[in-house]
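Reader: I have a model open and want to get my bearings. Can we go through it piece by piece?
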Amino acid sequence: MKGARQRLIISGYGGFVAGSIVWQALRSDQWDLYALTLTAPAEEQERFHVLPFDLCDVNRTRQVIADIRPDAVIHTAALADIDYCQTHQEEAERVNVGVTRELAQLCGDIGAKLILCSTDSVFDGVQGLYTEVDAPHPVNFYAETKVRAEEAVREHVEGGVIARLSLVMGLPVLGAGNSFLAKMIASLAQGEQVKFPANEIRTPVDVITVGRALLEIAAGPFAGILHLAGSTRLDRYEMACQIAERLGHSRDRVLATDSNAMAGRAPRPNDASLDNAKARRILRTPMRTLMDGFDLVMQTKEEQERAA
Ligand SMILES: NC(=O)c1ccc[n+]([C@@H]2O[C@H](COP(=O)([O-])OP(=O)(O)OC[C@H]3O[C@@H](n4cnc5c(N)ncnc54)[C@H](OP(=O)(O)O)[C@@H]3O)[C@@H](O)[C@H]2O)c1
């Protein structure tokens, strides 16, 4: 029905990426929003409903999907800490794979579009600039769970989407959110040095662009795999140096590390940069350079502060 609002579920409401999606979706008249969360309190407004429960509770998940009958689900909820997943493999399997499989079956049954937030980490980092046709080859358990989650979406959801996110850069738009940029800004402001790995080459994408792109995908006909990545390819140390300089600090405040030389940490892919040509071709949402993305993040923060 033309003009009718669509019912959109966003999982992981209290998380970093979901905060951006929800904030932007609330500013449009297009959606009836249902935000699923493990930890945030329940909330009930017109067109916006926050439902707290554990997605590992299969019966509750089934009931929620049956009650809402969403047109689309953007699934951001996950255990996204690479080192935690390496040492808590049963839990990571249950949350990252089990929950996605259940959601995929439920969405498949009712013809809802499921958009899974996957990761650049599905690649081994040997080749770099991966396209959507390159084969995943994970080097840590977190990435293994994401590959199995991708398989569940492919298997059960006709018209499903696997959105592989590069390293997401930004400030939490809603809620707390685990943001390296927020920590970095705070440390630099206190006169401290910050450490970033020089061995990890990435194509960082800003959190506002990611949210916008995921909403565009939810509203549109695209199905399949899409890489949501920025247009600047660089290592994380150089990324931090450029951001520090943009904030008015010297690049000497940033120290280079090697994440694969640190004891007790899960292995990281060295060059997990993603080719964003397909996203640039398909989406209206522009895939930005690092500095354009950074500027958008800071503008959004100012806009939020003015509105508060
Ligand atoms: N951030 C990045 O750089 C990046 C890069 C590539 C891919 N990704 C992927 O993008 C997605 C979002 O990342 P993010 O950085 O926003 O992660 P995040 O901040 O850690 O958020 C994930 C959220 O998942 C929810 N969650 C975890 N276990 C749950 C459970 N049992 N039941 C219900 N909800 C549960 C929590 O939501 P509540 O807080 O609401 O309780 C948590 O905040 C993840 O799938 C991640 O793998 C992220």
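Author: One term before we start: axes are lines fitted to C-alpha atoms, and angles run from 0 to 180 degrees between N-to-C directions. Bear in mind that this is a predicted model.

Reader: Fine. Which strands does α1 lie across?
Author: Helix α1 lies across β1, β2, β4, β5 and β6. Its direction is at about 160 degrees to β2.

Reader: And what is the strand order in the open sheet?
Author: The order is β3-β4-β2-β1-β5-β6-β7-β12, eight strands with mixed pairing. β3 and β12 stand at the edges with a single partner strand each, so one side of each has no neighbour in the sheet. The twist from one strand to the next averages 20 degrees.

Reader: In which sense do β5 and β6 pair?
Author: Parallel, over four bridges. Ala 72, for instance, has Lys 113 in β6 as its bridge partner.

Reader: Switching to the ligand. Which residues come nearest?
Author: Gly 14, Gly 15, Thr 37, Leu 38 and Ala 78, out of 27 residues around the ligand. By class, that shell has 17 nonpolar, nine polar and one charged residues.

Reader: Which element gives the most to the shell?
Author: α1, with three residues. β6 also supplies at least two.

Reader: Last one: how do α4 and α5 sit, parallel or perpendicular?
Author: Their axes come within 9 Å and cross at roughly 15 degrees. That angle is under 35 degrees, which means α4 is roughly parallel to α5. The crossing is right-handed. The residues of this contact divide into eight nonpolar, seven polar and four charged.

Technical notes:
Residues are numbered from 1 along each chain as its sequence is written. This is a predicted model: local features need pLDDT of at least 70, side-chain atom pairs count only at pLDDT 80 or more; totals for chains, interfaces and linings use all residues. A residue is near a molecule or strand if its C-beta atom, placed from the backbone, lies within 6 Å of it. Ala, Val, Leu, Ile, Met, Phe, Trp, Tyr, Cys and Pro count as nonpolar, Asp, Glu, Lys and Arg as charged, and the others, Gly among them, as polar. Angles under 35 degrees count as roughly parallel, over 145 as roughly antiparallel, 65 to 115 as roughly perpendicular and the rest as oblique. A crossing is left-handed if the near helix is turned anticlockwise from the far one by less than a right angle, and right-handed if clockwise. Two strands pair if DSSP finds at least two bridges between them. Two residues are in contact if their C-beta atoms, placed from the backbone, lie within 7 Å.
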